[in-house]
Structure formats: C-alpha cells, structure tokens
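Visitor: I would like to learn how to read a protein model. Could you take me through one, feature by feature?

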Amino acid sequence: MRFLLFILSSLLLISCIDDNRSKAEKKKSHPSHSYNYIDAEKVTLQYFETDYVPVYSDIYHRDGTKRFQLTTTISIRNISQTDSAYILSATYHDSYGKELNEYADSAILLSPLESIEFVVEEVETSGGAGANFIVKWGATNYSKQLLIQSIMIGTYGQQGISFLSEARVISNSGK
C-alpha cells in the first residue's frame, strides 16, 4: 500500500513539474497563439528594418525612490492586407543596453493582418525604466507594413497605471 501511495505521489509531482515547465515556455514566446516559424534563408527578402521599442519594466513614483512594477506587452502587427512580413529577431535589453533575452527563437512569418505579442512579466525587474526591445524584420518588397507598440500596465492595491509607446526606425535597407 505504501509503495502504491509513493508511486502515485511521484507521478503527481512529476506531472506538476512538467506542466509548470510548459507554461513557462509558452509565456516566453506564445502568450496568445502558436507562431509560424520559418527558415528565413528560404525567402528572398528585399527590405530589412530594425526598430527600437521603448519599454518600462518599472517607473518611478512619489519622490523618485519608489518603483512601480509593470507588465509589458510588445504588439507587432502586420498592417498590410496583401504582404507577409518576417520577424527575424526581438531582443530585450536593460537600461544599460545589455541584452537580457531573445524572444524570437527563429524567424516568424507574419501573414497579412496577423499580429503577435511578446510579454515581459511584472516580476522581471532587471530591465528598468530605460529597457527596450530591438526588433529586426524583413519583407519581400519595400513596405512600411508593421505597427510595433509596447503596452505597459501595472496595478497595486486600488492604484492602476497603463500607457503605450511606439517603435522608432533605427535602420533600414533595400527597396
């Protein structure tokens, strides 16, 4: 009887550990749906762009010594009704420019009017008030077809705050 109880307890523990691991993997890259990963070398890209996206893992309040923790969602929207875009990388950097995480493990196909999101959880505090994403993407022809925004939200007790930032192009090439 003890042996059977031990086996059942072990199986329950293992299933909880595996479930937590799969939830963590989903949170990193797939908050809303499965992405369509592709081999970017098989696509002839004619246009490349790098965008800087300001994000805030926290902001200062009161006298500047208190920090208000925030959850950040990076929203990448293909606003073209006809052309696909390809997300080549999405790196998260702290206030000092140090890379903290890569959110796109390989190139992601973004079909016309499709959107994807990356989430930086509220408990992540290493980014700081000057954190940012660098998003590199490409297209088969010249097109200003991506809308990239960061949405920050946080709550504490009855206090809530939310705001939005837009990406800025820092380099592009091709026609």
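Visitor: How much accessible surface does the protein chain have, and what share belongs to carbon and sulfur atoms?

Guide: This is a predicted model, and the values are computed from it. The accessible surface of the protein chain comes to about 10,600 Å². Carbon and sulfur atoms account for 55% of that surface. As for the interior, 35% of the 175 residues count as buried.

Visitor: Which parts of a predicted model should I read with caution?

Guide: Where pLDDT is low, the predicted coordinates should not be read in detail. Here the average pLDDT of the protein chain is 82, and 81% of the residues score at least 70. Over residues 15–30, however, the pLDDT is below 50. Beyond near neighbours in sequence, that stretch has 15 contacts in the model.

Visitor: How many helices and strands are there, and in what order do they run from the N terminus?

Guide: The protein chain has one helix and 13 strands.

Visitor: What holds strands together in a sheet?

Guide: Strands of a sheet pair through backbone hydrogen bonds, either parallel or antiparallel. One case here is an open sheet of four strands in the order 9-5-11-12, with antiparallel pairing. Strand 9 (115–120) and strand 12 (159–166) are at its edges and have a single partner strand each, so one side of each lacks a neighbour in the sheet. On average, neighbouring strands of this sheet are turned by 15° against each other, direction ignored.

Visitor: How many bridges join strand 5 to strand 9?

Guide: Six bridges join strand 5, residues 71–78, to strand 9 in the antiparallel sense. As one example, T73 has V119 in strand 9 as its bridge partner.

Visitor: Where is S75, and is it buried or exposed?

Guide: S75 is in strand 5. The cut-off for buried is under 20% relative accessible area. S75 has 4% relative accessibility and therefore counts as buried. Leaving aside neighbours within four places in sequence, S75 is in contact with I116, L147, I148, Q149 and I151. The side chains of S75 and R77 are joined by a polar contact of 3.0 Å.

Visitor: What is the distance between the C-alpha atoms of S75 and S150?

Guide: Those C-alpha atoms are separated by 6.1 Å, although S75 and S150 are 75 residues apart along the chain.

Visitor: Why is strand 2 described as largely enclosed?

Guide: Strand 2 covers residues 47–54, and six of these eight residues are buried, so the strand is largely enclosed by the rest of the structure. Its pairing can be followed on two strands. With strand 10, residues 132–139, strand 2 pairs in the antiparallel sense over eight bridges. T50 has K136 as its bridge partner in strand 10, and Y52 stands opposite I134 in strand 10. With strand 13, residues 168–174, strand 2 pairs in the antiparallel sense over six bridges. There, the bridge partner of E49 is N172.

Visitor: Which way do the side chains of a strand point?

Guide: In a regular strand the side chains alternate between the two faces of the sheet. In this model, strand 10 is mostly covered, with seven of its eight residues buried. Strand 10 also pairs with strand 6, residues 85–93, over eight bridges in the antiparallel sense. A85 has A139 in strand 10 as its bridge partner.

Visitor: Where does Q145 lie, and which backbone oxygens does its side chain reach?

Guide: Q145 lies in the loop between strand 10 and strand 11 (146–156). Its relative accessibility is 1%, so Q145 counts as buried. The side chain of Q145 reaches the backbone oxygen of S84 at 2.9 Å and the backbone oxygen of D83 at 3.5 Å. Not counting residues up to four places away in sequence, Q145 touches several others, including R77, N78, W137 and A139.

Technical notes: Residues numbered from 1 in each chain as written. Predicted model: local features only at pLDDT ≥ 70, side-chain atom pairs only at ≥ 80, totals over all residues. Heavy atoms only, no water. Buried < 20%, exposed > 50% of the residue type's maximum accessible area, 1.4 Å probe, protein only. Pairing = 2+ DSSP bridges. Axes fitted to C-alpha atoms, helices over the stretch in contact; angles between N-to-C directions. Areas by Shrake-Rupley, 256 points an atom, 1.4 Å probe, with all protein chains shown as cover. pLDDT = per-residue confidence, 0-100. Contact = heavy atoms within 4.5 Å. Polar contact = N/O pair within 3.5 Å; in protein donor to acceptor, adjacent residues only side chain to side chain.
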